[in-house]
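Below is a walk through one predicted model.

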Amino acid sequence: MSKFWKKKLSNINGKIGSGCVIHSHVWIGKKAKIGKKCKVQAFVFIPDGVELEDDVFIAPGVIFTNDKIPPSNKWGKILVKKGAAIGAGSVILPDVVIGERALVGAGSVVLCDIPADEVWIGNPARYLRKKNIEYENNNNRRKWICRKTYHNRLESKKLSRNKL
C-alpha cells in the first residue's frame, strides 16, 4: 500500500507500485509508471512516458519533460532504473535513461544517458565520479580504492571503525 501526503493537492493518475511515498503537489500523468518503494517529494512533475523502476528517490522540484521541441506530437520516453536518485530542482529531458544506482546532483539538467553507479552534476549534467568505492581489508588497516583513479587511501582500524 502506497502512502500519499495530502492527495487532494496532487494530480496522481499513473500506475503506482506498492510501498511508495508520494508527497503533496505532485503531478503524475496517466501513462506514467512508478515502481515499488519509490519516494517522490513535493512539487515534482512526471508526465506521460516516464517510468521509474523500484527504489527510486526523486527530490523536491524535479521536472521530467517529454517534449523535446515544443509544440510537437512526438513524446519522448524517460527511464529511471532501480535505485537511482535525482537531486532537488533537476530537469530531465526526453529520451534519457538514468542507470541503476546513479545519482544526479541538485539543479542538474540531464541531456543524455547516465550509466549505472555514476554521479553526474551541473548544467548540462557532466560526469563527476563513480558512486561506489571498493573496500579491501589490509591486515590491521583498511584500504579504500577508488574504481576510477585507483587512488589508495589507508586509515587506521580505530578511525575507520568510528566512521562506519
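Glutamate 100 has a relative accessibility of 32%, so this residue counts as partly exposed. Its side chain meets that of arginine 101 in a salt bridge, with 3.0 Å from N to O. Arginine 101, at 35% relative accessibility, is likewise classed as partly exposed. Salt bridges with shared partners join Glu100, Arg101 and Asp117 into one network.

The structure holds 4 salt bridges. One of them pairs lysine 68 with aspartate 95, where the closest N and O atoms are 3.7 Å apart. Lysine 68 sits in the loop between β11 (63–64) and β12, and aspartate 95 in the loop between β14 (91–92) and β15 (96–98), so this contact ties together parts that are 27 residues apart in sequence. Lysine 68 counts as exposed because its relative accessibility is 59%, and the cut-off for that class is over 50%. Aspartate 95, at 47%, counts as partly exposed.

Another salt bridge is formed by the side chains of lysine 130 and glutamate 118, at 3.9 Å from N to O. This pair links distant parts of the chain, with lysine 130 in strand β19 and glutamate 118 in strand β18, 12 residues apart.

Strand β18 (residues 118–121) and strand β19 (residues 126–130) run antiparallel and are joined by 4 bridges. Within this pairing, valine 119 stands opposite arginine 129 in β19. The hairpin has 4 residues between the strands, and glycine 122 takes a positive phi near 100° there.

Both strands belong to an open sheet of 8 strands with mixed pairing, in the order β1-β4-β7-β10-β13-β16-β18-β19. Its edge strands are β1 (3–4) and β19, each of which pairs on one side only. Valine 21 in β4 is the bridge partner of lysine 3.

The largest pocket holds about 270 Å³ of space. Its lining consists of 14 residues, with Lys31, Asp48, Gly49, Val50 and Lys77 nearest the centre. The elements that give two or more residues to this lining are β9 (50–52) and β12 (78–80). By type, the lining divides into 6 nonpolar, 3 polar and 5 charged residues.

Methods
Residues are numbered from 1 along each chain as its sequence is written. This is a predicted model: local features need pLDDT of at least 70, side-chain atom pairs count only at pLDDT 80 or more; totals for chains, interfaces and linings use all residues. Side-chain values use heavy atoms; hydrogens and water are left out. On a 1 Å grid over the protein atoms alone, a cavity is a set of points where a 1.4 Å probe fits but cannot get out, and a pocket is an open set with protein on both sides within 12 Å along at least five of seven lines; lining residues have an atom within 4 Å of a point. Grid points are joined across faces, edges and corners, and a volume is the space filled by probe spheres set on the points. Ala, Val, Leu, Ile, Met, Phe, Trp, Tyr, Cys and Pro count as nonpolar, Asp, Glu, Lys and Arg as charged, and the others, Gly among them, as polar. Two strands pair if DSSP finds at least two bridges between them. Buried means under 20% relative accessible area, exposed over 50%, partly exposed in between (1.4 Å probe, protein chains only).
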